[in-house]
Amino acid sequence: TFLGTEKTGKLMRKFSLPCIISLLVGALYNIVDQLFIANAPYLGSYGNAANTVVFPLTVIALAIATMIGDGACSFISISLGAGENGKASRAVGNAITASLLSSLVLTAVYLIFSNAILTAFGATVNDETYACAKEYFFYISLGIPFYMFSQAVNPIIRADGSPRYAMFTLLAGAICNCILDPIFIFPCKMGMMGAAVATVAGQILSSVLSVIYLFRLKVLKLDKSAFVFDKSVLGRVLSLGGTSFLSQISIVISMAAVLNMCRKYALTDPIFSNYSQIPTAVIGIVMKFFQIIISVSIGLSAGCIPIVGYNIGAKKNSRVLEILKKLIITEAIIGFFATAIFELFPTALINLFGAKNESIYYTQFAVKSIRILLSLTAVACVNKGVFIFLQAAGKAALSNLLSVLREIVFGVALILVLPAFFGLDGILFFMPVADALTLIPVVITVIRLKREYGKE
């Protein structure tokens, strides 16, 4: 009941911080790989571009894992609240089985159709990038089962009442990756394989720690019968995790369009026709900066889900509005602070990713990309916060509609249309324009929410 009585600001801090840290740790894997790859002179922009190509393919695995894990987490919480511990245990077993089977299938698909998949995501920008991408993708694919298992079990650990241990499992894997990456890439000179092996090693560590926890669950109990598929339980788990899947898979669709437009228009650009890997590498790096900020944004709003849900159920509408107001203000502050850094220090940021080892065109394009692509980060944060607030308020259909509007309708359409008129620069404008257009229905939605919850 403290969710309905404690100060909303204190509750937001308490519930959002673990979510933010978990999401940031999850984002670290690919970012750390790219950071060390970029600073290895023998890999440089080719390795950077290859990392960018493979990134959305790891997001596909994450989308499936979070759909299973987040759905199981919601189902477990509902079942425990209703005193149906048996259903909760079956949800855990079904989620584990589903994550393992789906990860094996995805790994097989990646290994069998790797050439076609890499081509579809823009790896054929030149021969050097393709060779790096193929090497990196092979070893990353081998680690998919460990990655999906640890990501799917993590929300289950939180649902069992151990959010700190859940955070620890991901953090330990990320630290392992950070330690091994420079060792494998620099003194060992293992190249793209070294970066991938370091990542997989971290994922294996997270998986082992997750398995250890499953043998000492606090509330839930597992037996052999829990691992047998129950259609009603698994169906409900997957439906509850649908929003999580959609939010991740939309990134894949958007990135696929971006990478293919980079490949197409780099080859016709008077400068980058001879450096065709640079736009792919640079935009991939810029999107990683955005991913860091949006992870904080999503973690902040996701932490508010149980608070919003409880107060709506308790019909404490004034508290619901108070949370919405504080959420929007905080999202905007985070976004404005990040935008200030992006606009004032773009050269320093891109230097972290090996710009000093590249041509002047690399730095020039990177600075322009950071300043344009990330110019409306504050608006993007507010939009994302409102999407997740709607999900917490039980308005999943509206949340999904706005998310699809931003990520697919505006996102993909603008990526395809703007370059036809502005060349490579058109790719850079797609994100701020998409966020600005999305803000219009978001503002209308917030006004309606204020009217709806303004009635005590």
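Visitor: What share of the contacts with a separation of 6 or more comes from residues 24 or more positions apart?
Guide: In this predicted model, residues 24 or more positions apart account for 82% of the contacts in the protein that have a separation of 6 or more.

Visitor: And how many helices and strands are there?
Guide: The protein has 18 helices and zero strands. Its radius of gyration is 22 Å, close to the 23 Å that the globule rule gives for 456 residues, so the protein is as compact as a globular protein of that length.

Visitor: What box do the C-alpha atoms fill?
Guide: Taken along the principal axes, the box filled by the C-alpha atoms is roughly 65 × 50 × 35 Å.

Visitor: How much of the protein counts as buried, then?
Guide: Of the 456 residues, 56% count as buried. As for the accessible surface, the total comes to about 18,500 Å², and 70% of that belongs to carbon and sulfur atoms.

Visitor: Let's pick one residue. Where is Cys 262, and is it buried or exposed?
Guide: Cys 262 is placed in helix H10, which covers residues 242-266. Cys 262 counts as buried because its relative accessibility is 0%, and the cut-off for buried is under 20%.

Visitor: Which residues is Cys 262 in contact with, leaving aside its neighbours within four places in sequence?
Guide: With those neighbours left aside, Cys 262 is in contact with Pro 279, Thr 280, Ile 283, Leu 424 and Ile 427.

Visitor: How far apart are Cys 262 and Val 125?
Guide: In sequence they are 137 residues apart, while in space Cys 262 and Val 125 are 8.4 Å apart, counted from C-alpha to C-alpha.

Visitor: Changing topic, where do I find Arg 319?
Guide: Arg 319 is found in helix H13, made up of residues 317-344. Arg 319 is buried yet has no salt bridge.

Visitor: What is the nearest side chain of opposite charge to Arg 319?
Guide: That is Glu 322, which is 5.3 Å away from Arg 319, whereas a salt bridge needs the charged atoms to be within 4 Å.

Visitor: Which backbone oxygen does the side chain of Arg 319 reach?
Guide: The side chain of Arg 319 reaches the backbone oxygen of Glu 6, at 2.8 Å.

Visitor: One more: what is the phi of Lys 189?
Guide: Lys 189 has a positive phi of about 50 degrees, although Lys 189 is not a glycine. Lys 189 lies in the loop between helix H7 (163-185) and helix H8 (191-214).

Visitor: Is Lys 189 buried or exposed?
Guide: Lys 189 counts as exposed, because its relative accessibility is 58% and the cut-off for exposed is over 50%.

Notes: Residues numbered from 1 in each chain as written. Predicted model: local features only at pLDDT ≥ 70, side-chain atom pairs only at ≥ 80, totals over all residues. Heavy atoms only, no water. Helix = DSSP H or I, 4+ residues; strand = E, 2+ residues; numbered from the N terminus. Buried < 20%, exposed > 50% of the residue type's maximum accessible area, 1.4 Å probe, protein only. Lys, Arg positive; Asp, Glu negative; His and termini not counted. Polar contact = N/O pair within 3.5 Å; in protein donor to acceptor, adjacent residues only side chain to side chain. Rg over C-alpha atoms; globule rule 2.2 N^0.38 Å. Contact = heavy atoms within 4.5 Å. Areas by Shrake-Rupley, 256 points an atom, 1.4 Å probe, with all protein chains shown as cover.
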